[in-house]
Amino acid sequence: MAQAMRRGPSVSLFATDGKPHPLQDTLMAVTLVLGVLALVTAMFHDLHLLSSWAGLVGIVTGGYGLFISATTRERFFTIIGLGAAALGFFLGMAHGGLFGGVLG
């Protein structure tokens, strides 16, 4: 009756497959940092260059990270960072854009 005592697989949003994923984890962390940076700097009108470029790089990084992600934990945090990067990018574009005031 050993089968009766065996525990089922743990179902969790942050569950992992038990294998290391250094590239995916790095992309997830970079996307989160760029997303937070873009979102925070979007609150200041004069920092639109930093906000829009950090958001654009965060969107590209998050898109690739989402494409190669292997676990739900990676996808969850990458989507949060991707949303923050996109919002920061759009607000930065509204405040002056990628080259606002620099190229004309």
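Colleague: Why is F90 called exposed?

Modeller: The relative accessible area of F90 is 53%. Exposed means over 50%, buried under 20% and partly exposed in between, with a 1.4 Å probe and protein chains only; 53% is over 50%, so F90 is exposed. This is a predicted model: local features need pLDDT of at least 70, side-chain atom pairs count only at pLDDT 80 or more, and totals for chains, interfaces and linings use all residues. Residues are numbered from 1 along each chain as its sequence is written, and side-chain values use heavy atoms, with hydrogens and water left out.

Colleague: Why does F89 count as buried?

Modeller: F89 has 13% relative accessibility, which is under 20%, so F89 counts as buried.

Colleague: How many aromatic pairs are found in the whole structure, and what makes the pair of F76 and F77 edge-to-face?

Modeller: The search finds 3 aromatic pairs. For F76 and F77 the centres are 5.2 Å apart and the planes stand at 80°. Rings of Phe, Tyr and Trp (its six-membered ring) pair if their centres lie within 6.5 Å; planes under 30 degrees apart are stacked, over 60 edge-to-face, and the rest tilted. The distance of F76 and F77 is within 6.5 Å and the angle is over 60 degrees, so the pair is edge-to-face.

Colleague: Why is the pair of F89 and F90 called tilted?

Modeller: The centres of F89 and F90 are 5.5 Å apart and the planes are at 55°.

Colleague: Why do F76 and F77 count as partly exposed?

Modeller: F76 has 31% relative accessibility and F77 has a relative accessible area of 27%. Both values lie between 20% and 50%, so both residues are partly exposed.

Colleague: How do you know that the span of helix α4 agrees with its number of residues?

Modeller: The expected span is 1.5 Å times one less than the number of residues. Helix α4 (residues 72-95) has 24 residues and should span 34 Å; its end C-alpha atoms are 34 Å apart, so the two agree. Helices here are DSSP runs (H or I, at least four residues; strands are E, at least two), numbered from the N terminus. The protein has 4 helices and 0 strands.

Colleague: What do the buried residues of α4 pack against?

Modeller: They pack against α2 and α3 (48-68), where contact means heavy atoms within 4.5 Å. Among the buried residues of α4 are G81, A85 and G88. The buried residues of α3, including G55, G58 and G62, pack against α2 and α4.

Colleague: What makes V36, L37, V40, M43, F44, L47 and L50 a patch?

Modeller: Patch residues have over 30% relative accessible area and no salt bridge; nonpolar side chains (Val, Leu, Ile, Met, Phe, Trp, Tyr) are joined within 5 Å, like charges within 9 Å. A salt bridge is a side-chain nitrogen of Lys or Arg within 4 Å of a carboxyl oxygen of Asp or Glu. V40, in helix α2, has 47% relative accessibility, so V40 passes the 30% limit and counts as partly exposed. The patch has about 640 Å² of accessible area together, computed by the Shrake-Rupley method with a 1.4 Å probe; for residues, only the protein chains shown count as cover. Helix α2 (residues 22-41) gives the largest share, 3 residues.
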